[in-house]
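My notes follow the order in which I looked things up.

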Amino acid sequence: MRRKTRTPPSPLPQREGVDPVRVRLPMAGSWATVGEHLVERLSGAGPGVVEAMLDAGRIVGADGLAVAADAPYVPGMFVWFHRELAPEVPVPFPLTVVYRDAHVVVADKPHFLATTPRGSHVTETALARLRRELDLPQLSAAHRLDRLTAGLVLFTVRPTERGAYQTLFRDRLIRKEYEAVAPYDPALALPRTVRSRIVKERGVMAAREVEGEPNAVTRVELIEHREGDGLGHYRLIPDTGQTHQLRVHMNALGVPILGDPLYPEVTDPVPAGDFRRPLQLLARKLEFTDPVTGTEHRFTSGRELEAWSSHGRWAGQ
């Protein structure tokens, strides 16, 4: 049996709650030097960027020492560096911690704040914020919420315990309850359980339903509705966790969630800093038995869906 290579600890500290990038050199290749490989591999950074980083000593090996551009290529070698981060528009809403102990942190995430660093959202993410504010550099997310979705997110404090909490989601041992605001259709019989097969293709913004064995199951209930503006307040209970599952299922029922930029149609991106009309989807409740302590946890988001509490204000009227 081939022995798995142990990954050395990072020799670089976090910056603004963000981990350095780790790169492992391939075991096979014709590169003569480390620099030659990195310039080719990281070509997307732009002309001369990687060379400048090497010259400035900003790419280091496991010993923390700068890697010279002409250092001989070593198969399997690890190197680390910090990306140059583009300025990000701060998300001007609070990230509230609703629970914290030695094992987990449960945060109530606002709309527009990504859960973890991805793409152009790096420092303005829930994970980076919490690492900085709570001084917990090893904090990790046990699951994710879409950037546009607000509500409860579970984070783990100790890396060795992260797998135990992720298993809760994988094995459906955690109960999640969401709320949404969408059009009210008196002809739509609720409650009902929606089952379908959802696929999300890489590089395609919207997920879609296809024929085949269902992999997405959602219980949809109507909490209440209003005649005046024709809106409904819904409770959504997912049994599975496919990408955009709740948004896809509500759209398939003919009642797309208010503020959704992807369903039923993909709309043009809004400018950075435009925090108007957030997606009216909220992760309201999270319930589970702690796999480490055995404690029964029940958490409820304190946020509200503005299109329900004040539709005119949400719509900018």
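These entries cover a cavity and a pocket.

**Entry: the model.** I am working from a predicted model.

**Entry: the cavity search.** I searched the whole structure for cavities of 30 Å³ or more and found 1. I then looked up the volume of the largest cavity, which is about 30 Å³.

**Entry: the cavity lining.** Which residues line the largest cavity? I noted His143, Leu145, Leu152, Lys176, Tyr178, Ala283, Lys285 and Leu286. I sorted this lining by class and got 5 nonpolar, 1 polar and 2 charged residues. Next I checked the elements. Two strands, β7 (175-183) and β12 (281-289), each give at least two residues to the lining. The largest share comes from β12, with 3 residues.

**Entry: the second largest pocket.** I turned to the second largest pocket and looked up its volume, about 970 Å³. Its lining holds 31 residues. Which of them lie nearest the centre? I wrote down Gln14, Val18, Asp19, Pro20 and Arg131. Of the elements, α3 gives the most, with 3 residues.

**Entry: recap.** For the largest cavity, β12 is the element to find in the view, with its 3 lining residues. For the second largest pocket, that element is α3, also with 3.

How values were computed: Residues are numbered from 1 along each chain as its sequence is written. This is a predicted model: local features need pLDDT of at least 70, side-chain atom pairs count only at pLDDT 80 or more; totals for chains, interfaces and linings use all residues. Side-chain values use heavy atoms; hydrogens and water are left out. On a 1 Å grid over the protein atoms alone, a cavity is a set of points where a 1.4 Å probe fits but cannot get out, and a pocket is an open set with protein on both sides within 12 Å along at least five of seven lines; lining residues have an atom within 4 Å of a point. Grid points are joined across faces, edges and corners, and a volume is the space filled by probe spheres set on the points. Helices (H or I, at least four residues) and strands (E, at least two) are DSSP runs, numbered from the N terminus. Ala, Val, Leu, Ile, Met, Phe, Trp, Tyr, Cys and Pro count as nonpolar, Asp, Glu, Lys and Arg as charged, and the others, Gly among them, as polar.
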